[in-house]
Amino acid sequence: MNKTLLLIDGHAMIHRAYHALPDTMVSTDGIPTNAIYGFFMMLQKVLTEFKPSHLAVCFDTPKPTFRKELFKEYQSKRPAMETTLKVQIPEIKTLLTKGGVQCLEKPGFEADDVIGTVAEKEKKEFNQVLILTGDRDLLQLADTNVYVITPKKGVTEFTMYTPQEVENKFGVDPLRIPDYKALVGDSSDNYNTAKGIGPKSANKLLAQFPTVEELVNNIDKIDNEKWRQIITEYKETILLFKTIATIVRNVDVPFKKDELSFTGFNDDMKTELRRLQLFSLLNKLFPQAAKEQPVKEPVKKKEEKTTDQIDMFS
């Protein structure tokens, strides 16, 4: 039996769906539905393509994470979430719960850490673990049977990253993505660590010193004088941001593998879809459902506004 675990970065993909579809999609009760529609269209696409036997959607929480405690400016430049997006998140969680899909989260940690923990714990139990996200931080989790899927266009086209493809893209293997980010920084998370060290110079340094710990402990062995000065000046910052960039894989997340089993959405989900007047989505998720009263189809997709992440709790 082919056992596949699909883990979804909830907020990242909801954000992606929201910006891929027009905000003119609203129920007669005034509930915006573009993110809801886009998220479940995307989910249905990956379910159809990869046929997972187990499924979970992981979420961030409003509680500040340990990363924020280490660096107060962490993610501070992300724009606040728009109200029309914020009100759709509880609706999506309700639909998932009614549909029998496990929602996992842990206060004080990001969805990344929850995903990293579940993937680490369960990867030996499955033929493959698939991670669906729009956040490249999760590429560090790519492994022999762990693959990261990222949206390529809209909400229905994806790119799958194996460990080799991660290395082809960044010049380092997945485990060293935190070392790479600690040197080059990450504007979406609002940290610029070793100013003056870019991707090419970072790759050259990491080819000589496999980790930033080894790098800062052997500064005198750096041949390039400019790089030597930069690493000397920013060594404490570099080490701090490696900690921030590293996904935690041992979070205390209570879940049971059997609870992640997925064979299709529960019928309880239909009532919520009808309430939101998402009848075309109802018929896509439940092909055998009785035909509903015709409704206006979702408006044509608009150009995505941004690929940057946003602050989900502002």
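Predicted model: local features only at pLDDT ≥ 70, side-chain atom pairs only at ≥ 80, totals over all residues.

Student: Okay, how many helices and strands does the chain have?

Tutor: There are 13 helices and six strands in the chain.

Student: And what share of the residues counts as buried?

Tutor: That's 53% of the chain's 314 residues. As for contacts between residues at least 6 apart in sequence, 70% of them join residues at least 24 apart.

Student: On to the rings. How many aromatic pairs are there?

Tutor: The count comes to six aromatic pairs. One of them is Phe170 with Tyr180: the ring centres are 5.7 Å apart and the planes sit at 70°, so this pair is edge-to-face.

Student: Why edge-to-face?

Tutor: Because planes over 60 degrees apart count as edge-to-face, and this pair has its planes at 70°.

Student: Which helices do those two lie in?

Tutor: Phe170 is in helix α7, residues 163-170, and Tyr180 is in helix α8, residues 177-184, so the pair ties together parts that are ten residues apart in sequence.

Student: Are Phe170 and Tyr180 buried or exposed?

Tutor: Phe170 is buried, and Tyr180 is too.

Student: What about Phe262 and Phe265?

Tutor: They form an edge-to-face pair as well, with 5.3 Å from centre to centre and 75° between the planes. Phe262 and Phe265 are both buried. Ring pairs also link them with Phe39 and Phe40 into a cluster.

Student: Which lysines sit over a ring?

Tutor: Lys121 lies over the face of Phe255, 5.0 Å from the ring centre. Then there's Lys169, whose charged end is over the ring of Phe170, at 5.8 Å from its centre.

Student: New topic: how do α5 and α12 pack?

Tutor: Helix α5 (residues 88-98) and helix α12 (residues 268-275) meet at an angle of about 150°, and their axes are 7 Å apart. That makes the two roughly antiparallel.

Student: Which residues make the contact?

Tutor: From α5 you get Glu91, Thr94, Leu95 and Lys98, while α12 brings in Asp268, Met269, Glu272, Leu273 and Arg275.

Student: And what classes of residue are in that contact?

Tutor: Between α5 and α12 it has three nonpolar residues, one polar and five charged.

Conventions
Residues numbered from 1 in each chain as written. Heavy atoms only, no water. Phe/Tyr/Trp six-rings, centres within 6.5 Å; stacked < 30°, edge-to-face > 60°. Helix = DSSP H or I, 4+ residues; strand = E, 2+ residues; numbered from the N terminus. Buried < 20%, exposed > 50% of the residue type's maximum accessible area, 1.4 Å probe, protein only. Lys NZ or Arg CZ within 6 Å of the ring centre and 35° of its normal. Axes fitted to C-alpha atoms, helices over the stretch in contact; angles between N-to-C directions. Parallel < 35°, antiparallel > 145°, perpendicular 65-115°, else oblique. Contact = heavy atoms within 4.5 Å. Nonpolar A, V, L, I, M, F, W, Y, C, P; charged D, E, K, R; others polar.
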